[in-house]
Amino acid sequence: MTEKRQNWISSAFNFYVEGFRSMTIGKTLWAIIGIKLFIFFIVIKLLFFPNFLNSKSDTDEGKAQYVREQLTRQAP
């Protein structure tokens, strides 16, 4: 990275860090953000995106074969 671009990135990062540091409820906001990210990426993934290929085969070769069949089959 060039020095100018790195300086811009660090100054933008420092802007946000200092902004949250000077807030009286900044830590509470970060906690809320962390909880929301946890819910979005962990809980929702577990509920709505189960590991579908594990139900089709136990081995990597079987999973690859299933995906290959699904990709190459003719549409009705």
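This is a predicted model: local features need pLDDT of at least 70, side-chain atom pairs count only at pLDDT 80 or more; totals for chains, interfaces and linings use all residues.
Trainee: Let's start with helix α2. How many Å does it reach from its first C-alpha to its last?

Mentor: Helix α2 covers residues 26-48, which makes 23 residues. At 1.5 Å a residue you'd expect 33 Å. The reach in the model is close to that, at 32 Å.

Trainee: Which residue is the kink in α2 centred on?

Mentor: The bend there is about 30 degrees. Look along α2 for the spot where the kink is centred, and you land on Ile 39.

Trainee: Lys 36 is in helix α2 too. Is Lys 36 buried, exposed or partly exposed?

Mentor: Its relative accessibility is 46%.

Trainee: On to helix α3, where Lys 63 is found. Which side chain of opposite charge is nearest to Lys 63?

Mentor: Lys 63 is buried, yet has no salt bridge. A salt bridge needs the charged atoms within 4 Å, and the nearest opposite charge is 4.5 Å away. That side chain belongs to Asp 60.

Trainee: Then what does Lys 63 touch, leaving out residues up to four places away in sequence?

Mentor: Contact here means heavy atoms within 4.5 Å. With those sequence neighbours set aside, Lys 63 touches Leu 53, Asn 54 and Ser 57.

Trainee: Now the rings. How many aromatic pairs does the structure hold, and what kind of pair do Phe 15 and Tyr 16 form?

Mentor: The structure holds 2 aromatic pairs. In the pair of Phe 15 and Tyr 16, the centres are 5.3 Å apart and the planes make 80 degrees. An angle over 60 degrees puts a pair in one class, and here that class is edge-to-face.

Trainee: What about the rings of Phe 52 and Tyr 66: what kind of pair is that?

Mentor: Their centres are 6.1 Å apart, with the planes at 55 degrees, so the pair is tilted. Phe 52 lies in the loop between α2 and α3 and Tyr 66 in helix α3, so the pair ties together parts 14 residues apart in sequence. The kind you asked for, then, is tilted.

Key
Residues are numbered from 1 along each chain as its sequence is written. Side-chain values use heavy atoms; hydrogens and water are left out. Helices (H or I, at least four residues) and strands (E, at least two) are DSSP runs, numbered from the N terminus. The expected span of a helix is 1.5 Å times one less than its number of residues. The bend at a residue is the angle between axes fitted to the seven residues ending there and the seven starting there. Buried means under 20% relative accessible area, exposed over 50%, partly exposed in between (1.4 Å probe, protein chains only). Lys and Arg count as positive and Asp and Glu as negative; His and the chain ends are not counted. Rings of Phe, Tyr and Trp (its six-membered ring) pair if their centres lie within 6.5 Å; planes under 30 degrees apart count as stacked, over 60 as edge-to-face and the rest as tilted.
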